Amino acid sequence: MRRFPASLVLLALLAPVPALANGMPQLAFNNPLTLDQVWWGAGIFVVFLLLAWKWGLPRVATVLEDRAAHIAADLDAARAAKATADAAAAEVTAAIAAARSEAQTAISAAVEAAKADEATRSAALNARLEAQLAQAEQQISAARAAALGALRQVAGETAATVVARLTGAPAPPGRIDQEVAAALAARGIVESHA
Amino acid sequence: MAAGKIDALSQFALHPMFGELGRMGFSQSPLMMAVAAGLTLLILGVGMAPRAMVPGRLQAAAELLYEFVYNMCSETIGEEGRRFFPFVFTLFLFILFGNLLGVFPYFFTFTSHIAVTLALTIVVVVLTTVVGLAIHKLHFFSYFVPEGVPKLLLPLLVPIEILSYLSRLISLSVRLFANMMAGHVMLEVFGAFVIMLGGAGLLGLLPAGLALGVNTVLIGFELLVAVLQAYVFAILTCIYLHDAVHLH
């Protein structure tokens, strides 16, 4: 619209140009082609309109509709998949928590069991060791008693021999025994009557 | 073109073409109309042939054109605009390709003929009037009676409204015709300058180069005008249809 006056100015400027004397071909209505182009144009326009309306544009419309439907379906599928994934993630989290607490319980149970087992075993070991110790002590005291018994006999016989050599007469056996026992008791080695 | 004489208007002259067809009034103008319609249908036909979910270049072009005109219709006319979409689409692409093809050298610009643009405008005005009458019956004529005006002024205002309604025939057709013609005259004039100055010897070379530069810029400008004027024609058609459907 703004260019219309400009074009008028231009036409005015061009007016003196000799070629313009022939006038504008657009206004040459004595040329039948000027109006004939309108009839041809009307026919072409109608054919163009009908082809675009009935054939060309519906082709575009169906593709656009298909795409819109496809996108909507994809979005729905994506939303459903997201819901599923969220549920699965929650499930996994819950499973992990359950597994963790289960493992914790199992570990503490195992530790308790191990402790109890250890305690029983060490008790048994202690008992066995004490029994062996007692047995050993018993054997030691028996051996000692045996050794001491032998010592008294040897001392009695030695004393009798010594007395017989010194005095030339055998010593009374009751006296020897009594003296040896008293001497041993005085040294604290064995009881008087053992 | 003879030197010293600028023949800016012979480019608009019509010549009969194709022998027998030419005798039936076929000239460059109907040829370019057919090419414009054919190119549009080709884009729709070939472009949409893959029916691809992710469109290629030509399909994207077809969809772009479709959605551009569709949105123009539904936004300007309203819900009812969809019914007029095929007509507006055809009209817009007919003019758009007519304008764009005209920028090519040796091609003919049928939108530079007032007979063609006036015929298109008559179609638009008759269509809007028929649509208005069909929807609103006789109530349609209230369109010419402005609201909230003293009754005393009506004898003055109603003729003005009718005149402004009829002036659409002139404004719509002359706007397109004058824009296209002016652009092509300017291209021709500056093109002639290049030849005349370039042939005038060493001194003329610089101005000839300038004129060539101007013409280069003008080509870009003409491409803009070609698209803009097609858009203006289509959007005004939509506005007139909106008026016919909604009565203001």
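The model described here is predicted. Along the principal axes, the C-alpha atoms of chain B occupy a box of roughly 70 × 55 × 40 Å. Chain B contains 7 helices and 0 strands, and the order of its elements from the N terminus is α-α-α-α-α-α-α. Chain B has 248 residues, of which 48% are classed as buried. Where contacts within chain B link residues at least 6 apart in sequence, 70% of them connect residues at least 24 apart.

For Phe18(B), phi is near 60°. Phe18(B) belongs to the segment that precedes α1 (20–23) of chain B. The relative accessible area of Phe18(B) is 51%, so Phe18(B) falls in the exposed class, for which the value must be over 50%. For Arg51(B), which is likewise not a glycine, phi is positive at about 45°. Arg51(B) is found in the loop that connects α2 (28–47) to α3 (57–76) of chain B. With a relative accessible area of 43%, Arg51(B) is assigned to the partly exposed class.

The contact between the two chains was examined next. The size of an interface is often expressed as the accessible area that is lost when the parts come together. For chain A and chain B, the area buried between them is about 4600 Å², with 76% of it on carbon and sulfur atoms. Chain A contributes 44 residues to the contact and chain B contributes 65 residues.

Polar contact between chain A and chain B involves 10 residue pairs, counted where both residues are at pLDDT 80 or more. The interface of the two chains has 1 salt bridge. This salt bridge joins Arg67(A) to Glu63(B), and the closest N and O atoms lie 2.8 Å apart. On the side of chain A that touches chain B, at least two residues each come from α1 (3–14) and α2 (32–167) of chain A. The greatest contribution to that side is made by α2(A), which provides 26 residues. By residue type, the side of chain A that touches chain B consists of 29 nonpolar, 10 polar and 5 charged residues.

Key: Residues numbered from 1 in each chain as written. Chains lettered and ligands numbered in written order. Predicted model: local features only at pLDDT ≥ 70, side-chain atom pairs only at ≥ 80, totals over all residues. Heavy atoms only, no water. Contact = heavy atoms within 4.5 Å. Buried area = accessible area lost by both parts, 1.4 Å probe. Salt bridge = Lys/Arg side-chain N within 4 Å of Asp/Glu carboxyl O. Polar contact = N/O pair within 3.5 Å; in protein donor to acceptor, adjacent residues only side chain to side chain. Helix = DSSP H or I, 4+ residues; strand = E, 2+ residues; numbered from the N terminus. Nonpolar A, V, L, I, M, F, W, Y, C, P; charged D, E, K, R; others polar. Buried < 20%, exposed > 50% of the residue type's maximum accessible area, 1.4 Å probe, protein only.
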